[in-house]
Amino acid sequence: MKVLLYNMTPEQMVYVDKWRKNHPEDDLETSEEILDASTVDMAKGFDCVSMMQVVDIDQEVVYKKLASFGIKQLALRSVGYNIINWDYVHKYNLFVTNTPAYSPRAVAENTLTSAMYLLRNWGQILQNEKRDLNFVREENLMSDEIYNKTVGIIGLGRIGTATAEIFSALGARVIGNDLIENPANEAFLEYTDFDTVIKESDILTLHTPLDPSIVNMISAEQFKQMKDTAIIINDARGPLINTEDLVDALKNHEIAGAALDVLTEENDFFMKKFDDISELPKTYQELAKMPNVVITPHSAYYTKTSVKNMIEHSMTDIKRVLNGQKPVYLVEL
Ligand code: COI
């Protein structure tokens, strides 16, 4: 089989080379480019394309050309599939696979790390120490313990469920909301409605896929309903939170902190270096200065296990399809 893998990075190459060694019959070509209208022609002559990008593939010509090259499968090396234009997928009889099981635990552990960092006021402690050389254990640094807390999870797929298990194992009360309720999860979480999760959570964490109907799901109204001691964590997709409303909520002390691994405008500045904070979008300049906010560069997923599995799971599904079998991870929308 001939596969073109877009968005290639050195750490993924290790596993591409491994696949090549174990499957000498397969022809894998790689490119650092994203898939878009300017790069789609590279896919001519291949059986399948594979991508791991956060930039939307929204130009019709991409889908039209892939179909005209005889390509049917768009194999995402990601959990999220919001970059796909589903109208064009259906129009050109294409289908999409993803890699939702590469490591739910990677993201869940990042959520735990963020929660503990904010809960224990490490942002303030580090700012006092590094910026002000202040090593005083001030009263505002006093924390609480996780088993006294209610953790609220929006979206209980693989990642949300792994997150629930971790916090439940630490003794926290875990509540959650999803369209689909899995009775097996009731061993470690209580399902409840969206508003109750917003109101009762001390730690509110988002793990839902992005679709247009839930853009700005967390906006001014939700921040007003949240406890003023609550923290919010977004390891899912930036547009789930209205960033300007978040900044206001933090400034007005409607919530106590935020950990953001994803941002609405992340394509403008993640994976880039800047000389001055003024080069960042205005809202993010404000967030970057707040000790009770932590921004990470879409790295929640970024573990050795994830990177290895995103190549292996995606390649396995491509091979299955080209051998006439059903893919394991077909995205059906
Ligand atoms: C995902 O797998 O959905 C992620 O957010 C990782 C990203 C590099 C595409």
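Modeller: Gladly, and let's begin with a definition: Ala, Val, Leu, Ile, Met, Phe, Trp, Tyr, Cys and Pro count as nonpolar, Asp, Glu, Lys and Arg as charged, and the others, Gly among them, as polar. On that scheme the shell around the ligand divides into 3 nonpolar, 3 polar and 1 charged residue. Please keep in mind that this is a predicted model.

Biologist: Which residues surround the ligand?

Modeller: The ligand is surrounded by S78, V79, G80, Y102, R237, H298 and Y301.

Biologist: Why is H298 called buried?

Modeller: Buried means under 20% relative accessible area. H298 has 17% relative accessibility, so H298 counts as buried. This residue is found in the loop between strand 12 and helix 12 (304–322). H298 also has a positive phi of about 50 degrees, although it is not a glycine.

Biologist: And Y102, how do you know whether it is buried or exposed?

Modeller: By the same test: Y102 has a relative accessible area of 7%, which is under 20%, so Y102 is buried. Y102 lies in the loop between strand 5 (95–97) and helix 4 (104–119). Not counting residues up to four places away in sequence, Y102 touches R77, S78, V79, Y301, T305, S306, N309, M310 and H313. Y102 and Y301 are 199 residues apart in sequence, yet 8.9 Å apart in space, C-alpha to C-alpha.

Biologist: Why is H253 called exposed?

Modeller: Exposed means over 50%, and H253 has a relative accessible area of 60%, so the label "exposed" applies. H253 is found in the loop between helix 9 and strand 11. Its phi is positive, about 55 degrees, although H253 is not a glycine.

Biologist: What makes D56 partly exposed?

Modeller: Partly exposed is the range in between, with under 20% called buried and over 50% called exposed. D56 has a relative accessible area of 39%, so D56 is partly exposed. D56 is found in the loop between strand 3 (48–51) and helix 2 (60–68). Leaving aside neighbours within four places in sequence, D56 is in contact with N82 and I83.

Biologist: Why does Q222 count as buried?

Modeller: At 8% relative accessibility, Q222 is under the 20% cut-off, so Q222 counts as buried. Q222 has its place in helix 8 (residues 220–225). Beyond neighbours within four places in sequence, Q222 is in contact with F194, I198 and M217.

Biologist: Let's turn to the core. Which residues have the most contacts inside the largest nonpolar core?

Modeller: The largest nonpolar core has 32 residues, and those with the most contacts inside it are I218, F223, I232, L246 and L287. The elements that give two or more residues to this core are helix 7 (194–200), strand 9 (203–206), helix 9 (243–251), strand 11 (257–260) and helix 11 (282–289). Helix 9 gives the most, with 4 residues. Apart from this core lies another, of 24 residues, among them V40, V62, L74 and V96.

Biologist: Which residues of helix 9 are buried, and what covers them?

Modeller: The buried residues of helix 9 are T243, D245, L246, V247, A249 and L250. Their cover includes helix 8, strand 10 (231–234), strand 11, helix 11 and strand 12 (293–295).

Biologist: What happens at the start of helix 9?

Modeller: There, a side-chain oxygen of N242 reaches to within 3.1 Å of the backbone nitrogen of E244.

Conventions
Residues numbered from 1 in each chain as written. Predicted model: local features only at pLDDT ≥ 70, side-chain atom pairs only at ≥ 80, totals over all residues. Heavy atoms only, no water. Near = heavy atom within 4 Å. Buried < 20%, exposed > 50% of the residue type's maximum accessible area, 1.4 Å probe, protein only. Contact = heavy atoms within 4.5 Å. Core = buried A, V, L, I, M, F, W, Y, C linked by side-chain atoms within 4.5 Å. Polar contact = N/O pair within 3.5 Å; in protein donor to acceptor, adjacent residues only side chain to side chain.
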